[in-house]
Amino acid sequence: MDSIKAEFNGDETTAMSRIPVTILGATGVVGQRFVRRLIDHPLFEIGHLAASDRSTGKAYEEACAWRLDGEPYAGLNRHVLRAAHPSEAMAPVVFSALDSGPAKEIEPLFAAAGSFVFSNASAFRMAKDVPLLVPEANADHLALVETQRRVRGWKGAIVCNPNCTATVLVMGLAPLQQAFGIERVFMTSMQAISGAGYPGVPSLDILGNVIPFIRSEEDKVEEETPKMLGRFKEGMVEDAPFAVSAMCHRVPVIEGHSEAVSVALKGSPSPDRVADVFRAWRGDPRVAALPSAPPAPIRVHTAEDRPQVRLDVEKDGGMSVHVGRVRTCRLLGIKFALLGHNTERGAAGASVLNAELAHALGYLA
Ligand code: NAP
C-alpha cells in the first residue's frame, strides 16, 4: 500500500485527517481484502471491523482464518469485532462485504444513520436510485445519490459495485461503446473459485473439472451491464439499448475471471482499429489520479496466448483489466479475450476506488 500512498498526489488529506471507516463482513474473502487495502490508505482509516453474531466480540485473529499474503490480519490481530449495526459500528464511510441477504437489512440502517455505504452485495445494485459504478466507465452515475437521498430520505447513501464478472466485461466494453456504439454482446466466462466466498465450491467438485452453472450469475451480468453503460439523464440512468447474452462457468482457478467476448459494433471496425481504441482508452479523466486507480485501466496484450490468469491477473494490484487476441468474429464482427481480478477489481478494490471517486467529487465532505 505504500506505493499507492506515494503515487497519490491529488489531495491534501493527511494521516491526521483520514476518514474513519467500518468494514462489514471483515472476516470474509472480500472483507480481508478491504482490510489489507485500507490499513495504510491515504484517505481512509479503519475504525471498526464487523461481521456476524458468530464473530462479534472476538478478536479478529480468533474469528477469521486469514488467507492473504502479507502481514497476517494486516496487524489488526487483537482488534475486536463489532456487531454489524450502526449503534455498534458507525462511521462516515462503510465498506460492505456482506452477503446479499444480510446486506439488504443492514446496509440501509447505516445509510439512514448517515454513512456512505460502498457495497459489494447484489441487494441494491439494480435499484433505480442506486449508482452501480465502474468509475472509469460511468463516474457520472454517482450523481444518482442525490435522487436516492430525495427518494429515501437518507442522510447517507448506498453506492454499489457490480458483480465481478460484469465489472470485467464493462471495462472491456466501455471503450467500444464510446468509440463505436454496441449492438449485441455474447460472453462466456471462466470464473475463479474465490468468487464463491470461503470455503466456496468443495475441492472434490472443482478439481480437474468445469462446472457450467453459477447461480444467478448470468442474470446479473445480463442485467447489470446495460445499466452501467447506460446514460445518466435527468436524475436517472437510461439503460444502454443492447442485449447481452452470458454463459458462466466455474473453473479450478483461485483468483481471476477470464471472459471470451464477441461483440457487434456499429460501423463494423477492423480488429486493428478496435485494438487501438483499447490501447488509447484511459476512461474518465477524474479517475486516473485516484490512489487505487491503475496506471491504465486496460492492458492490451499482443502475444497470441495472453492474457493468462497466472501471468497477468495480479499486475497493478489486480486493478487493471487485460485484453488480448482481438480478432474477427464470424458471427458478431469482433471477438477478444478479457481477464480481471474478481476480488480486487471485481470487489474490494472496486469499492475503494468508488469511495475515492466520491471523495474527489466532494460527496464525502
Ligand atoms: P464470504 O467469504 O462468505 O464472507 C461473508 C462475510 O459476511 C463474513 O465476514 C461473514 O461473517 C459476514 N456475514 C454473514 N452473515 C452475516 C450477518 N447476518 N450479519 C453480519 N455479517 C454477516 O463472502 P465474500 O466472497 O467475501 O463475498 C462478500 C460479498 O461480496 C457478497 O455479497 C458477494 O456476492 C460479493 N462479491 C464477492 C466477490 C468475490 O469474488 N468473492 C466479488 C464481487 C462481489 P462471519 O465470518 O462472522 O460469518
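This is a predicted model: local features need pLDDT of at least 70, side-chain atom pairs count only at pLDDT 80 or more; totals for chains, interfaces and linings use all residues.
Visitor: Which strands does helix α11 touch?

Guide: Helix α11 (residues 271-280) packs on the sheet and touches β11 (257-265), β12, β13 (321-329) and β14 (333-340). Its direction is at about 165 degrees to that of β13.

Visitor: How should I read the sheet itself, and in what order do its strands come?

Guide: Strands of a sheet pair through backbone hydrogen bonds, either parallel or antiparallel. Here 6 strands make an open sheet with mixed pairing, in the order β10-β7-β11-β14-β13-β12. β10 (243-250) and β12 (298-300) are at the edges with a single partner strand each, so one side of each has no neighbour in the sheet. From one strand to the next, the twist averages 25 degrees.

Visitor: How many bridges join β7 to β10?

Guide: Strand β7 (residues 182-191) is joined to β10 by 8 bridges, and the two run parallel. To find the pairing by eye, look for Phe-186, which stands opposite Ser-245 in β10.

Visitor: Now the ligand. How many residues surround it, and which are the closest?

Guide: There are 28 residues around the ligand, the closest being Thr-27, Ser-52, Arg-54, Ser-55 and Leu-98. By class, this shell has 13 nonpolar, 13 polar and 2 charged residues. Helices α2 (29-38) and α5 (100-113) each supply at least two residues of the shell, and α5 gives the largest share, 3 residues.

Visitor: Which side chains have an N or O atom 2.5 Å from an oxygen atom of the ligand?

Guide: Thr-27 has a side-chain N or O atom at 2.5 Å from a ligand oxygen, and so does Arg-54, at 2.5 Å. For Asn-342, the distance from a side-chain N or O atom to an oxygen atom of the ligand is 3.1 Å. Taken alone, the ligand exposes 910 Å², and the protein buries 81% of that.

Visitor: Which peptide bonds are cis?

Guide: Most residues other than glycine have a negative phi, and most peptide bonds are trans. The bond from Tyr-198 to Pro-199 is cis, with omega near 0 degrees, and Pro-199 is in the loop between β7 and α9 (203-206). The bond from Arg-306 to Pro-307 is cis as well, with omega near 5 degrees; Pro-307 sits in the loop between β12 and α12 (309-312).

Visitor: Where is Tyr-73, and what is its phi?

Guide: Tyr-73 is in the loop between α3 (60-63) and β3 (82-83). Its phi is near 60 degrees, a positive value in a residue other than glycine.

Terms used:
Residues are numbered from 1 along each chain as its sequence is written. Side-chain values use heavy atoms; hydrogens and water are left out. Two strands pair if DSSP finds at least two bridges between them. Helices (H or I, at least four residues) and strands (E, at least two) are DSSP runs, numbered from the N terminus. Axes are lines fitted to C-alpha atoms, for helices over the stretch in contact, and angles run from 0 to 180 degrees between N-to-C directions. Contact means heavy atoms within 4.5 Å. A residue is near a molecule or strand if one of its heavy atoms lies within 4 Å of it. A polar contact is a pair of N or O atoms within 3.5 Å; within protein, one must be able to donate a hydrogen and the other to accept it, and residues adjacent in sequence count only if both atoms are side-chain atoms. Accessible areas come from the Shrake-Rupley method with a 1.4 Å probe; for residues, only the protein chains shown count as cover. Ala, Val, Leu, Ile, Met, Phe, Trp, Tyr, Cys and Pro count as nonpolar, Asp, Glu, Lys and Arg as charged, and the others, Gly among them, as polar.
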